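Trainee: I'd like to learn how to read strands and helices in a model. Where do we start?

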Amino acid sequence: MDEKKELIAYLKNLGLTVNTRTKARGHQGFFVKNRIDISKNVSEERTIPTLLHEFAHYVHYNIEPKMNITGGSIEALFGEENPVIEKELMKVTNFVDENSLCVKLYEHKDRIKEKISEYENIIKAEYPEFMRSKPFKQFDKYIKKSDARYLLRYDRVRIVKGFWKKNYRLITVATIEKDFPDMPVSFLAYIKLKSAQKKQARVSARINKLQKYYSKPNEMFARLIEGLYIDKDWVKALAPYTTKLFYERLKSGCYPDLDKVVYKYL
């Protein structure tokens, strides 16, 4: 019996239902109560790490039954509330899942920031006193009579003319020069600036959401187990205090059903 089949058999012997050909509600896998779902799109080499990750959630669930709601706690998992543990677990998380670093999102945010500065410079060429934090009175006066005012809230707007929905005009931030050829360059830049600021806020919200997700104790614990399978020595180097504490608590029976898996696969 190969490793994957043996691991699945062990999990099923514990009373878990294991599905490896599902869409899975999580990115690669999902755990709920006594069921583990693994996405059919997970590659063969990622199947065992994903199974171990979801099994870690099961182990944690038996320690903290409400961990899916609360995110769990470092103290319940490791017997102490220690910032060193959190710091080390985040290093392991970054190693196991590079998405936790949000590199692409930060790069996107930097590009948007550059665009905002570019638009600001265009505005200041005509209005040197312009400040993003204060009302742009000249623009506000101009925009009241223009359909372009809708682009301050939406990047794409359909303006219906008359009673027939087929009779409409589509305006977008991307085509604003074409849609409003008579608008001053500084005002065009201001609308683009406001659009870029909205994008920046959405990217920031996405980063904050991911950081909150990855920093939850239940997720960091699962990635610790996953990381020990991927590269035990490197994880020990990244998290010497936490892994030492983990193995001590494992030996003393603090992680029900995890010992057999650890000693065989990790």
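Mentor: With a definition: two strands pair if DSSP finds at least two bridges between them. Helices (H or I, at least four residues) and strands (E, at least two) are DSSP runs, numbered from the N terminus. This is a predicted model, where local features need pLDDT of at least 70, side-chain atom pairs count only at pLDDT 80 or more, and totals for chains, interfaces and linings use all residues. Residues are numbered from 1 along each chain as its sequence is written, and side-chain values use heavy atoms, leaving out hydrogens and water.

Trainee: In what sense do β2 and β3 pair, and over how many bridges?

Mentor: In general, strands of a sheet pair through backbone hydrogen bonds, either parallel or antiparallel. Here β2 (29-32) and β3 (residues 35-39) pair in the antiparallel sense, over four bridges. Look at G29: its bridge partner in β3 is I38.

Trainee: What is the strand order of the open sheet?

Mentor: Its three strands run β1-β3-β2, with mixed pairing. β1 (17-22) and β2 are at the edges with a single partner strand each, so one side of each has no neighbour in the sheet. From one strand to the next, the twist averages 15°.

Trainee: Which strands does α2 touch?

Mentor: α2 (44-63) packs on the sheet and touches β1, β2 and β3 (contact means heavy atoms within 4.5 Å). The direction of α2 makes about 20° with that of β2. Axes are lines fitted to C-alpha atoms, for helices over the stretch in contact, and angles run from 0 to 180 degrees between N-to-C directions.

Trainee: How do the axes of α5 and α10 cross?

Mentor: Two packed helices are described by the angle between their axes and the distance between the axes. The axes of α5 (residues 83-96) and α10 come within 8 Å and cross at roughly 85°. That makes α5 and α10 roughly perpendicular (65 to 115 degrees; under 35 is roughly parallel, over 145 roughly antiparallel, the rest oblique). Among the contact residues are L89 and F95 of α5 and L224 and W234 of α10.
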